[in-house]
Amino acid sequence: MLQRSAELATLLNDSSRAEGWLSNATALKEAFNEAFYDESQGLYTDNATTTFVPQDGNALALLFNLTQSAEQANNISAGLTKNWNEFGAVAPEAPDTIAPFISGFEVCPVL
């Protein structure tokens, strides 16, 4: 979201705000990845003290461009598809439950 704000500020020729938002976005992305990305699972964990990987958090991480590389984004996308069945994505947060709202974010192309 901060990156989008920086883009808007750039369009409005407000370079100081654009630079500030880009700086904040970079720092936030780095801190988020350090705290929550689990390399072994290729997904973000729910919090810093668990190995649980939530559907909603990972889908939104892709949507909001929190990944640091295309490879990381692909790993998350592939990890999310492991929850899919013939009816939709089963949310790890609620086993045996299809979560259509957040599943829509999984199939939404990144703009």
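**Figure 1. The D14–R17 salt bridge.** D14 pairs with R17 in a salt bridge, with the closest N and O atoms 3.2 Å apart. The term salt bridge requires a side-chain nitrogen of Lys or Arg within 4 Å of a carboxyl oxygen of Asp or Glu. A search of the whole structure finds 1 salt bridge. D14 counts as partly exposed because its relative accessibility is 23%. Buried means under 20% relative accessible area, exposed over 50%, and partly exposed in between (1.4 Å probe, protein chains only). Side chains of opposite charge can pair when their charged atoms come close. The structure is a predicted model, in which local features need pLDDT of at least 70 and side-chain atom pairs count only at pLDDT 80 or more, while totals for chains, interfaces and linings use all residues. Residues are numbered from 1 along each chain as its sequence is written, and side-chain values use heavy atoms, with hydrogens and water left out.

**Figure 2. Overview of the chain.** The chain has 5 helices and 2 strands. Its elements run α-α-β-β-α-α-α from the N terminus. Helices (H or I, at least four residues) and strands (E, at least two) are DSSP runs, numbered from the N terminus. The C-alpha atoms fill a box of roughly 50 × 30 × 20 Å along the principal axes. Of the 111 residues, 29% count as buried. Contact means heavy atoms within 4.5 Å. Among contacts between residues at least 6 apart in sequence, 41% join residues at least 24 apart. The chain exposes about 7,300 Å², and carbon and sulfur atoms supply 58% of that area. Accessible areas come from the Shrake-Rupley method with a 1.4 Å probe; for residues, only the protein chains shown count as cover.

**Figure 3. The largest nonpolar core.** This core holds 14 residues, of which Y44, L62, I76 and L80 touch the most other members. Two or more residues each come from β2 (43-44), α3 (55-63) and α4 (70-81). A nonpolar core is a set of buried Ala, Val, Leu, Ile, Met, Phe, Trp, Tyr and Cys residues joined through side-chain atoms within 4.5 Å. In soluble globular proteins, nonpolar side chains tend to be buried together.

**Figure 4. The surroundings of Q72.** Q72 sits in helix α4. Q72 counts as buried because its relative accessible area is 7%. Leaving aside residues up to four places away in sequence, Q72 touches N33, Y37, Y44 and T67. Y44 is also one of the core residues that touch the most other members.

**Figure 5. A nonpolar surface patch.** L8, L11 and L12 form this patch, with about 380 Å² of accessible area together. Patches are made of residues with over 30% relative accessible area and no salt bridge; like charges are joined within 9 Å, nonpolar side chains (Val, Leu, Ile, Met, Phe, Trp, Tyr) within 5 Å. L11 belongs to helix α1 (residues 2-11). L11 counts as exposed because its relative accessibility is 68%.

Figure 6. N13 is not a glycine, yet has a positive phi of about 60 degrees. N13 lies in the loop between α1 and α2 (15-36). N13 is exposed, with a relative accessible area of 72%. D96, also a residue other than glycine, has a positive phi near 70 degrees. D96 lies in the loop between α4 and α5. D96 is exposed, at 78% relative accessible area.

**Figure 7. W84 and S103.** W84 lies in the loop between α4 and α5 (100-107). W84 is partly exposed, with a relative accessible area of 42%. W84 and S103 are 19 residues apart along the chain, and their C-alpha atoms are separated by 9.3 Å.
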